[in-house]
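Hi there,

Here is the structure I promised to pass on to you. Have a look at it first, and then read my notes below.

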Amino acid sequence: MKRILYILIGITIALLASCRDDDSTSSSPQQEVSVVNVDVILPLVQWSEWQSAIEDAMNNLDLAQESRRKRVRLNLRYHNEDSEDLSALAYALTHPGQGDARYVQPDTCHAIIGPYHSDHARAILDQAQHLRLPVVMPTCTSSELQRTEARKTNSFFLTESDITQCEVLLSIMQSIGHQRVCLLYSDDTYGQSFRDWFGFIATQIGLDVVPGGIRAYHEGDRLQDFFNMTGNPVGDTPTAMLVALSRTEDYVRVMAEKSQFDQAQQSKEHPVISPAVFVSDTGLSPELWSYHFYGTYAVGSDANGFMQDYYARHTTPAYGTAQMYDALTTIALGRFAQLCAADPDVLYIDGKRVEYEISPFLPNLSDWMRAVLATEAPAPATLWIGYGLASAFRLIEGGTLPSLQGATGDMQFDRDTHTTILHTRYLIWECDGSGNIIPIATVSTGGSAKGLSSDALWNWKSTIAELDPDVGADVNHHLPSLGERWAVIVSPSTSWKNYRHQADAFAIYQLLRQHGYDDDHIVLIVEDNLANDSQNPFPGQIFLERADQPDPANPLVNVNVRQNAVVDYHFSDLSSPDDMADILLGRSSDRLPHVIHPTEADNVFLFWSGHGSDNAGPLWGNEDSHEPFGANRIRRIVEQMQQPRQYRRMMFVLESCYSGLWGEALTGQPDLLVLTAANAYETSKADIYDDDIRTYLSNAFSRAFLNAVNANPAIPVADLYYSLARTTDGSHVTLYNIENYGSAFYRNMADFIE
């Protein structure tokens, strides 16, 4: 893992400011002026806080084009993100002359800046996609949003995802000396990034997640028990708590309750120290400045003078200030490149001609913006300030695309689409409890002014545990010769957006059928509502992977995993988790006629793919279910299967967030192996987003499992684990209970796969 570089912000360099005393946008009669209508969607407070940067950018763009033959003028039209109907606004902006009369614009929208909040972005992006209208987002940092938009050519993200911010904060905690960590997050799109990555990153860098220390916060929640559980005795180093909430009022409630807890502890015989607080970028608010805590937010570059210039002429820049500046200059430079092209319909990016299969077929403003952002050294470098932008315009007019040095630093974007920034600098600050915000350092994850991209973070390889061949080698429970094999396959997910869970279940079903199982020995539990869902562009079919061409090396590509599958129960047919107990324990009834009937000579394989919750493991239902299946429940079922013995060997393969909770609960059970997609403190990750189907097709762990077993049905358990750990991104594949099962090097999947 790349280490965090600390760079003291007190660097003294010459101010590089360049601005004008007037705000004139006049042009000489000889200039050809192209007006670009830019609709800015922001909360009123952000529009106000960014006004200085907006004016600086507009003045510098005006100054930089004074002597050019052609000229771009940005016409900004503001919309209040907090009060507008964003879906209606997005429709009107992307359908000229149509939609709600309140939002119809007098002129065509050419580009959108905003929204500010990740939760609001989907309404804008979905409408903008059909025109490939550029949407430039200074502060939308949801990792899931950036992931699903990763292959879109019109969605520009100017701040790295919150995966990076989570890494920064955890690394700061570690550097200060904290070892135990916990997380309090808002249960929404913003908080999801922290929920998804907190446990994984903490594990990667060697921090201990407090058991039960990952919790969603909802308005009105009482946190006294949480503080007591995550706190430490007086004298110990306190736990560090990352707080990532969407709303200032929630931060206020949390900090007030923490203060009350601390005051109450002072009168106790054995007081507990509540966790030290580290807030994400949304926690920078004057309403909290009477408390002591640490925080971070994305800032501009001090390496090229933006921060120093802004400090000198204005004040401390608000979160997103530099990103807003770069949004405006990027749109202007993209349009100018389009104006100056010999043929604006012919554009090459990375040596490949830009053209599309659906209308609009030819390059548009989004593509010319990407072309400007795609240039790298040895292209001439130009700075963000007035004379630097003048150089950029001059080079573009002469047929050369510059290498931009923006207000945020090097304007380096992902190599595939050039729409997601690859580096962000973060300011670490301390609130001293007296109303003072003290800058401590600027940090990045790249070890220099450059940073680590969200794609790179997503593709982190998990820390792989070294398996000991001697562990479990002496296990001998005098098992009988193998009789039959039984399998139970479960997907509790029923919604379209959870397509991947049912796809995994069907794919495992096909694997077992190909390797000797008949339908009488498989219980398949899926809702089976996707193949004929109205949202399915391929009626009757479900895919785990899709490609334009078949791949002989990958048997999962373009295979309809639903074909000929015999579904025993729709998930909605089951009334409660108790039904699963009856199925596993062989208790058939008129309502549950199909159950497994293993004996002490039979092996049992259980595959589960669905959502999981922190502190509970696999859920009984979709992600909004309030009923976990329960780690204690599954342990009781397994214990009942031993009285009398109803299995010879048993293997659980679990694809869910926090699935390691089941692994921990089942440790100690004889002849049972548990293989999980994630440990007890982290989420598992979806894999392969399909633009046509508009959802994820599979989970990384499940797909890796299928590939490994398809390639070698008798793969040793150790090799299977190593293969999954190497190829599953973003979570720690974990083996549990090997000491009670048998050596991972001597046992193999032939126990369950013929």
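**Sheets and cysteines**

An open sheet is built from 6 strands in the order 22-21-23-26-27-30, with mixed pairing. Strands here are DSSP runs of E with at least two residues, and helices are runs of H or I with at least four, both numbered from the N terminus; two strands pair if DSSP finds at least two bridges between them. Strand 22 (522-525) and strand 30 (734-736) are the edge strands, each pairing on one side only. From one strand to the next, the twist averages 10°; angles run from 0 to 180 degrees between N-to-C directions, and axes are lines fitted to C-alpha atoms, for helices over the stretch in contact (heavy atoms within 4.5 Å).

This is a predicted model, where local features need pLDDT of at least 70, side-chain atom pairs count only at pLDDT 80 or more, and totals for chains, interfaces and linings use all residues. Residues are numbered from 1 along each chain as its sequence is written, and side-chain values use heavy atoms, leaving out hydrogens and water.

Strand 27 (residues 672-676) runs antiparallel to strand 30, joined by 3 bridges, and Thr676 stands opposite Thr734 in strand 30. Helix 16 (residues 577-584) lies across strand 21 (485-490), strand 22 and strand 23 (603-609), at about 165° to strand 21.

How many disulfides does a search of the whole structure find? The search finds 0, counting a pair of cysteine sulfur atoms within 2.5 Å as a disulfide. For Cys109, the nearest cysteine sulfur is that of Cys140, 16 Å away.

Best wishes
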